[in-house]
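Morning, everyone. I have one model to go through today, and I will keep it short. Please look at the structure first.

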Amino acid sequence: MADRRRIVLTASEAVPFSKTGGLADVIGALAKSLDQMGHDVVMIIPDYYVQRQRNRNLPKISDTGLRFSIDMNGRQMPASVNWTTLPGSDVRVFLIRQPEYFDRPQLYQENGHGYVDNCARYCFFSRAVLEVCRQMVLRPDVIHCNDWQTGLIPALLNTQYARVPGFERTSSIMTIHNMAYQGRFWHFDMPLTGMDWRYFNYHHMEAWGDMNLLKTGISFADQVTTVSPTYAKEICTADGGYGLEGVLRHRRDDLIGILNGIDDDVWNPEKDSFLPTCYSLDSIDHGKPQCKAFLQQRMGLPTRSDVPLFGMVSRMTDQKGFDLITEAAERLLSRDLQIAFLGTGDPYYESQITGLAQRFPSKVAVQIGFDESLAHQIEGGSDAFLMPSRFEPCGLNQMYSLRYGTVPVVRNVGGLADSVMDFDLNPHSLNTANGFVFADYNRDALAGTVERALDTFARPQVWKQLVRNGMSRDWSWNRSAEEYVRVYESAIANIDSRDEDGRR
Ligand code: ADP
Ligand code: GLC
């Protein structure tokens, strides 16, 4: 093995402790994979006490006894630090407890509105991460930061902490999971960061007049990654960069796209305890019909084995293509099919999809909310899976679908383009195809592609080949974790190339 590295992995959510989306899955799985490769991995996340109390499957969490406070613009905010071990690994997990900031019903927002003090909450968290590293004498080789909530860390590391014992040779990685969320706040929030005002400029922390925490991370980190090769290209364009395309082009040589993997312990139809029957490629003909009937009953849809059942599990946001689905609904629902939705988010999309279920009760069923068991049952019980995203940095559900023999219907963007190969009805494409892909973001393109899927579903031998192609590929984290290690090594090797302001 290459050198054993001390890696601190930090993010605002991680499975099994807290989750709103794919970020949490990625952090939990990547930590385990790096640990299996023999690295010394520490995870640092906020302690969302309310969520933790609701979750009965967590390991025992203990107090480390460590206490410190962070000066948040003149107000001393105390932190205490709990710890545990990530199940199935030797990864130490530190949970930063600050009741006023983190003991809330949700992680980031309620009723569609972000918490007004999100800037303070995650500046506090980022600063506390470095204090945990210092006071626990972790001496990391790499701090791997994820999304805007941790974007301040590379900046503090390269400035205030640059000469603090224990950080002399610490490099940082910034991984972008979604450009649509940047942590943009007004400049009067600068004092919350602990950074000097002189960094409020275009080269460091400012973008388009705001303080921007994702940009801060991109500017200061030794290496920048995102979660698929195609998204790495998209975010350097005006369409995908959300105003930061120039900053990303500046860092193009240090920007790399690494496709996420899936955690085989959690998303595996051969041992998924949420499924009524587990199955493999060999037993899918027996297992999937049972999972399908179970799902139809759970969702209140007619129990029919012959009708093609589409699933969708998603945050209900502009990103995910719900507007296309509602626009294409009349055309789609004139055909014999069923769709099972699970999601929560924007009240507008929640009511649109609920409205469809009321109008077409024998064809559409929806559950609004977050439900781990139903997410697994939709993957297991559906024949096909819908992901018509406007943009998709990586997307995990299409990979879960492939693993579960559930054929994905996706748009040709980001990680969807990198994982789903279109079956264009040409027999040659059957060697590699594992799903259906469309390009244009409009309802006819979506409807036409769903119709292609329906026509193919009527040809069981061809459909089976698509299922086989999807299920036989290795989607596990091993390959991606190795790519991350290469990025860590290159950051470590190039640590001396920062400028006098700590910027790359
Ligand atoms: P994103 O991170 O943009 O939401 P991903 O496809 O990367 O999209 O990951 C979404 C993750 O969140 C998947 O594990 C999915 O099963 C889960 N998920 C999304 N919405 C729900 C929900 N309402 N209930 C349960 N799980 C959900
Ligand atoms: C983000 C993206 C999603 C990606 C996930 C994990 O939430 O929207 O596409 O899979 O992060 O990287």
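Between the two domains, 19 residues of domain 1 are in contact with 16 residues of domain 2, contact meaning heavy atoms within 4.5 Å. This is a predicted model, where local features need pLDDT of at least 70, side-chain atom pairs count only at pLDDT 80 or more, and totals for chains, interfaces and linings use all residues. Residues are numbered from 1 along each chain as its sequence is written, chains are lettered from A and ligands numbered from 1 in the order written, and side-chain values use heavy atoms, with hydrogens and water left out.

Domain 1 is 6–261 + 479–497 and domain 2 is 284–474; the bounds come from an automatic or database domain assignment. Their C-alpha centres are 32 Å apart. Together they bury about 1,500 Å², 57% of it on carbon and sulfur atoms; that is accessible area (1.4 Å probe) lost on being put together, summed over both. On the domain 1 side, Lys19, Thr230 and Leu259 lose the most area to domain 2, together 26% of what that side buries.

Now ligand 2. Which domains supply its shell? Domain 1 and domain 2 each give at least three residues. There are 14 residues around ligand 2, each with a heavy atom within 4 Å. His177, Asn260, Glu392, Cys394 and Gly395 come nearest.

For polar contacts (N or O pairs within 3.5 Å), an oxygen atom of ligand 2 is 2.9 Å from a side-chain N or O atom of Asn260. A polar side-chain atom of Gln319 is 3.0 Å from a ligand 2 oxygen.

Terms used:
Polar contact = N/O pair within 3.5 Å; in protein donor to acceptor, adjacent residues only side chain to side chain. Buried area = accessible area lost by both parts, 1.4 Å probe.
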